Amino acid sequence: LLSHCPAVMWVSTIAVSLLPLCAALLLWYRDALVRFYWDAILGKVRNYLTGRSREERLHKYVLINSRHGQPDSVLQTFEHWVAEWEFLHIFTEKKGQFLDSVVQRVCPSTVLDLGTYCGYSAIRILRLLPPGGRLYSVIPDPSLAGIAEEMILVAGFQPAQFQVITSSFDEAITRFKSYYKVKTFDFILMDQSEGRYLQDLQALKKAGLIAPGTVILANHSSGLAAREFLCEVRQDLQYQVRYKSDGLQEIEYLGNGIRVVSRRGPG
Ligand SMILES: C[S@@+](CC[C@H](N)C(=O)[O-])C[C@H]1O[C@@H](n2cnc3c(N)ncnc32)[C@H](O)[C@@H]1O
């Protein structure tokens, strides 16, 4: 009987025709949905039950379970936490290996890590820096900065090798030359919110903190929020997008150098 009702037939037709769109949207926003699920529901329940934030729970777990002074053990303990306990938005597995390969190739002396979070990517980079290399890592939230700094120290790095900066990204960028005496960065990891990528890149350039040869690795740069950033670096002949892998874009600042045909990397 229902199949003879025109209204039901219309609704069914529309529902079926919208299915591919819904599937595409689910696929496109799957990372955001996973994040929402963990952040909004399970995370809050756990915060309530333990009286600690997720990052404080991770901090305690790493302090207890890692071998202090051994960066790889600290990194593995982070990864174990993510695999067994709670989702964290950090570089792991494929992305981490790609980050390692870029750092090893660039061999940077001065590094900027935008979006320290709990210090995972900072430790990952620090363990590959040449002697005398220094990493500056920026995170506006002071409680996260405290956790990250302790994690980096637990991994065995000395204060002379790194600086965790607790300030807005804008303020940090304006102070690198005057206060931290940074000339230019050889390598920049962009893992703050994607909507900031373009403005932070422009601010870094305006402040004279990037030079020909500076390599920028931008995470989640294929998403909608980073579209403007990606259009800019693709169109501007001063940049070369060199490798793409798993949502990561490796970009080299050439200045007025010559742009060569782009190469595809692993992944
Ligand atoms: C994806 S996490 C960085 C993860 C880190 N790179 C790692 O792998 O260990 C990004 C961090 O930057 C912070 N962040 C991003 N955009 C921000 C903004 N506009 N203001 C304040 N904090 C921001 C987030 O709160 C989070 O702590």
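What distance separates the centres of domain 1 and domain 2, taken over C-alpha atoms? The two centres are 42 Å apart. Please keep in mind that this is a predicted model, in which local features need pLDDT of at least 70, side-chain atom pairs count only at pLDDT 80 or more, and totals for chains, interfaces and linings use all residues. Residues are numbered from 1 along each chain as its sequence is written.

**Domains**
- The protein chain is assigned domain 1 (2-31), domain 2 (43-84) and domain 3 (93-253); such bounds come from an automatic or database domain assignment.

**Around the ligand**
- The ligand has 14 residues around it, and Gly115, Tyr117, Tyr120, Ser121 and Ser193 come nearest; a residue counts as near if its C-beta atom, placed from the backbone, lies within 6 Å.
- This shell holds seven nonpolar, five polar and two charged residues. Here Ala, Val, Leu, Ile, Met, Phe, Trp, Tyr, Cys and Pro count as nonpolar, Asp, Glu, Lys and Arg as charged, and the others, Gly among them, as polar.

**How to read the helix pairs**
- Two packed helices are described by the angle between their axes and the distance between the axes.
- Axes are lines fitted to C-alpha atoms, for helices over the stretch in contact, and angles run from 0 to 180 degrees between N-to-C directions.
- Helices are DSSP runs (H or I, at least four residues), numbered from the N terminus.
- Angles under 35 degrees count as roughly parallel, over 145 as roughly antiparallel, 65 to 115 as roughly perpendicular and the rest as oblique.
- Residues are in contact if their C-beta atoms, placed from the backbone, lie within 7 Å.

**Helices α3 and α4**
- Helix α3 (residues 54-65) packs with helix α4 (residues 71-84) at about 130°, and their axes are 9 Å apart. This makes α3 oblique to α4.
- Leu58, Tyr61, Val62 and Asn65 of α3 meet Val74, Thr77, Phe78 and Trp81 of α4. Their contact has six nonpolar, two polar and no charged residues.

- Helix α8 (residues 169-178) and helix α9 (residues 197-206) have axes 9 Å apart, at an angle of about 15°. α8 is therefore roughly parallel to α9.
- From α8, Phe169, Asp170 and Ile173 meet Asp200, Ala203 and Leu204 of α9. This contact has four nonpolar, no polar and two charged residues.
- The axes of α9 and helix α10 (residues 227-235) cross at roughly 45° and come within 7 Å, so the pair is oblique.
- Tyr197, Leu198 and Leu201 in α9 meet Glu228, Phe229 and Glu232 in α10.

How values were computed:
Helices (H or I, at least four residues) and strands (E, at least two) are DSSP runs, numbered from the N terminus. Two residues are in contact if their C-beta atoms, placed from the backbone, lie within 7 Å.
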